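Dear colleague,

Please find below the structure that I am handing over to you. A summary of the findings follows it.

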Amino acid sequence: MSLQVENECRTMNGLAAAAGKDHIAMNRRLSLFLRFLRLGFFTIGGGYAMVPLIEREVVDDSHWLTREDYYKTILLTQSVPGPIAVNTAFVVGRQIAGLSGGLVSASGVVLPSFAIILVIAINFASFHNVPVVEAVFRGIRTAVVALIAAAGVRLARERIELFTFVLAAAGLAAILFLNVSPFLLVLAFIAAGISRAYIRQRRSGGTSSRDTGNPADGNPADGQSEPEDGAP
Amino acid sequence: MMILLQLFVSFLKIGLFSFGGGYAMLPLIQDEIVRLHGWVTQANFVDIIAIAQITPGPIAVNSATFVGYHVAGVPGAVIATFAVVSGPLVLAAIVVRLADRFSSSYLVQGALTGLRPALLALIAYSAISIARTSFTGVVTVLVGVGAFALLIFTRVHPLIILGATALIGGLFLGG
């Protein structure tokens with residue numbers, strides 16, 4: 001009798017534990033979705049503004065990631081094209097709860113802007129023909145120019161090398177006067193950057209293997225040492 | 001059906017090329033939706049940027065949703081928005097898997113270094129081409145230069161500047 005009860009208890013515990021695990025995974029995904037949905041409302045003014053916001057959510061509040069892992073993730077997502085907020089949400093979510101976690105987080109962060117823009121787009125045609133609205137937009141368009149120019153100045157201040165400026169001026173002239181497609185420009189500059197790195201690497205001896213970092217911007221002490229994945 | 005496919009391809013392309021975030025990708029979006037397909041006018045394109053500034057969400061995503069709806073209704077909005085984020089997400093998944101090897105590769109570093117002047121050129125080009133659309137007279141030029149000066153020399157929040165220019169537009173730029 002007591003044995004049977006014990007057994008029953010055990011199976012029930014097992015079931016509860018299994019259900020609990022599922023439940024936790026589900027909860028975690030739901031929680032990820034809700035957290036990124038909330039963050040999605042705060043992405044005004046560019047993706048970089050989101051970096052500290054996401055950090056607070058997933059590192060400080062929920063302890064899902066360590067700060068170090070989080071910053072590693074941010075660094076990686078910045079070398080990929082695409083909206084920073086969405087990429088970061090996807091990668092962080094994926095680390096926390098697998099592929100579905102990543103997809104849920106990315107959808108969460110996109111959904112608010114999708115819904116808001118959809119509502120605006122649906123009503124755009126009808127209110128855009130109102131003279132006052134058109135006048136308001138004429139005003140705002142001037143601020144758009146100012147915002148973009150200011151962003152350009154900020155970027156130029158950051159990267160002050162003369163050579164960068166010369167290349168940028170050449171690129172600008174190519175688009176403005178030769179009608180070069182902006183897509184082509186991006187491809188050409190990436191190709192040039194890769195070729196330059198490749199030639200430099202070969203010239204500098206080529207002793208180090210393909211995948212080691214450039215000693216100039218890595219830690220110079222061990223430019224070509226063994227991989228540093230801290231496997232015990 | 002055809003138009004949905006075109007939307008998908010266009011915004012997939014925009015997503016895959018949108019390095020650096022924000023304004024650098026504007027010429028790419030402009031090239032696709034204004035010049036190549038004529039889905040919106042240049043003035044509407046600037047309006048989309050303005051709307052993107054005062055609502056949450058990345059510009060690429062906002063313009064995808066807006067143009068998608070404008071061209072093909074709600075299905076268009078869904079397809080274009082999905083397209084613009086899907087390419088980068090696939091790349092991000094791959095890059096995370098390669099992790100350390102990827103970010104320390106000198107070739108990747110070289111690509112990113114090469115990208116810098118391109119981004120600067122693209123931002124400069126956006127400013128010039130949008131100025132051509134936005135500056136229609138003395139008042140608009142003065143307001144634009146004033147806004148630029150405030151952004152560079154003070155810490156006034158961009159949203160306040162957008163609000164102020166909207167007010168000036170409503171009061172002085174009618175008809």
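**Findings for chain A and its partner**

In chain A, 45% of the contacts with a separation of 6 or more are between residues 24 or more positions apart; two residues are in contact if their C-beta atoms, placed from the backbone, lie within 7 Å. This is a predicted model, in which local features need pLDDT of at least 70, side-chain atom pairs count only at pLDDT 80 or more, and totals for chains, interfaces and linings use all residues. Residues are numbered from 1 along each chain as its sequence is written, while chains are lettered from A and ligands numbered from 1 in the order in which they are written.

Chain A has 7 helices and 0 strands (DSSP runs, H or I of at least four residues for helices and E of at least two for strands, numbered from the N terminus).

The contact between the chains involves 85 residues of chain A and 88 residues of chain B. On the side of chain A that touches chain B, H5(A) gives the most, with 23 residues.

Helix H6 (residues 162–178) of chain A packs against helix H5 (residues 106–134) of chain B at an angle of about 50°, with the axes 8 Å apart. Axes are lines fitted to C-alpha atoms, for helices over the stretch in contact, and angles run from 0 to 180 degrees between N-to-C directions. H6(A) and H5(B) are therefore oblique to each other (under 35 degrees is roughly parallel, over 145 roughly antiparallel, 65 to 115 roughly perpendicular and the rest oblique). Among the residues making this contact are Leu167(A) and Gly171(A) of H6(A), and Ala121(B) and Tyr125(B) of H5(B).

Yours sincerely
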